[in-house]
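Here is a short briefing on ring pairs, pockets and backbone angles. Please read it alongside the model.

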Amino acid sequence: RGEILGIAGVEGNGQKELVDMLFHLNTPNAGTVTVNGENIIGVSQRKIREKGVSLVPEDRMIYGVSNPQPIEENLISDRYATEPYSGAKRLNKGPMFDMKAIHAEVDQLIRDYTVLCKSGNQRVDNLSGGNIQKVVVAREFSNDPCLIIADQPTRGIDVGATEFIRKKLVELSRAGVAVLLVSADLNEVMELSDSLMVMCGGHIAAYFEDTTQLSDEVMGEYMLGLKRQTPEEVRRVCHE
């Protein structure tokens with residue numbers, strides 16, 4: 001908790017596969033992944049979310065939003081079945097949505113995350129790339145997560161949106177949220193991360209407890225497979 005653990009490496013060295021396994025987009029042949037002591041391998045994405053895990057996916061248009069739908073529906077897609085948005089569990093309310101609560105939540109998120117739009121009814125695919133990404137992070141950051149998996153969170157967006165999202169990640173981590181940051185932007189992952197691991201060839205090639213003394217040259221040697229730490233050094237990434 002309260003730490004940003006960065007994952008660096010040349011793209012295609014296992015980062016995507018790792019994220020996919022953590023969020024039930026793929027199932028590993030062996031091993032376990034635990035969140036607060038509970039294994040989440042093979043568990044549905046809804047159950048993973050209920051355990052407090054959020055995902056900012058690498059491809060926002062495929063995994064982050066539903067293109068034809070309005071901003072409002074995209075913002076509540078992870079919470080529509082819960083109180084106070086759904087009346088399903090309330091006596092005599094039936095399966096109806098509480099639209100007043102939904103509108104209030106959506107309007108607040110649009111303000112908090114400075115999404116530039118006409119209203120929550122605007123189609124999400126009519127927004128700019130940076131504002132679409134803000135819709136994704138607004139949903140994922142606002143559901144009281146204990147762990148945020150941020151996979152390429154600022155890829156392909158403008159400078160303003162990039163700085164906004166980076167600042168939010170740091171704020172959330174300092175408030176006690178654990179953040180797993182995957183980024184192909186070496187400057188981003190080194191600047192934001194408290195600690196860092198490097199992936200190469202599908203393995204963790206190195207782990208650095210403190211990113212303040214790291215250089216591009218040192219990182220490059222591990223990213224290209226020219227150097228590799230011992231298993232004992234790599235296992236330092238596992239700590240309470």
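Glutamine 152 is placed in the loop between β5 and α7. Its phi is near 50°, a positive value in a residue other than glycine. This is a predicted model: local features need pLDDT of at least 70, side-chain atom pairs count only at pLDDT 80 or more, and totals for chains, interfaces and linings use all residues. Residues are numbered from 1 along each chain as its sequence is written, and side-chain values use heavy atoms, with hydrogens and water left out.

**Backbone**

- Most residues other than glycine have a negative phi.
- Glutamine 152 counts as buried, at 8% relative accessibility (buried is under 20% relative accessible area, exposed over 50%, partly exposed in between, with a 1.4 Å probe and protein chains only).
- Threonine 114 also has a positive phi, near 45°.
- Threonine 114 is found in the loop between α5 and α6. With a relative accessible area of 38%, threonine 114 is partly exposed.
- Helices (H or I, at least four residues) and strands (E, at least two) are DSSP runs, numbered from the N terminus.

**Aromatic pairs**

- The whole structure holds 2 aromatic pairs (rings of Phe, Tyr and Trp, its six-membered ring, with centres within 6.5 Å; planes under 30 degrees apart are stacked, over 60 edge-to-face, the rest tilted).
- Tyrosine 113 and phenylalanine 164 have ring centres 5.9 Å apart and planes at 70°, so they pair edge-to-face.
- That pair links distant parts of the chain, 51 residues apart: tyrosine 113 is in the loop between α5 (99-112) and α6 (129-141), phenylalanine 164 in helix α7 (residues 159-174).
- Both tyrosine 113 and phenylalanine 164 are buried.
- Phenylalanine 208 and tyrosine 222 have centres 5.6 Å apart and planes at 75°, so this pair is edge-to-face.
- Phenylalanine 208 is in strand β8 (residues 203-208) and tyrosine 222 in helix α9 (residues 216-223), so the pair ties together parts 14 residues apart in sequence.
- Phenylalanine 208 counts as buried at 14% relative accessibility, and tyrosine 222 counts as buried at 11%.

**Charges over rings**

- Lysine 134 has its charged end over the ring of phenylalanine 164, 5.1 Å from the ring centre (NZ of Lys or CZ of Arg within 6 Å of the centre and within 35 degrees of the ring normal).
- Lysine 168 has its charged end over the ring of tyrosine 113, 4.8 Å from the centre.

**Largest pocket**

- Its volume is about 1300 Å³ (the space filled by probe spheres set on grid points, which are joined across faces, edges and corners).
- A pocket is an open set of points on a 1 Å grid over the protein atoms alone, where a 1.4 Å probe fits, with protein on both sides within 12 Å along at least five of seven lines; lining residues have an atom within 4 Å of a point.
- The largest pocket has 32 lining residues, and the closest to its centre are Leu5, Thr34, Leu147, Leu180 and Val237.
- At least two lining residues each come from α1 (15-22), β2 (34-35), β5 (147-151), β6 (178-182), β7 (195-200) and β8.
- The lining divides into 20 nonpolar, 9 polar and 3 charged residues (Ala, Val, Leu, Ile, Met, Phe, Trp, Tyr, Cys and Pro are nonpolar; Asp, Glu, Lys and Arg charged; the others, Gly among them, polar).

**Second largest pocket**

- This pocket holds about 610 Å³ of space.
- Among its 24 lining residues, the closest to the centre are Arg46, Arg49, Ser77, Asp78 and Arg79.
- Its lining has 8 nonpolar, 8 polar and 8 charged residues.
- α2 gives the largest share of that lining, 4 residues.
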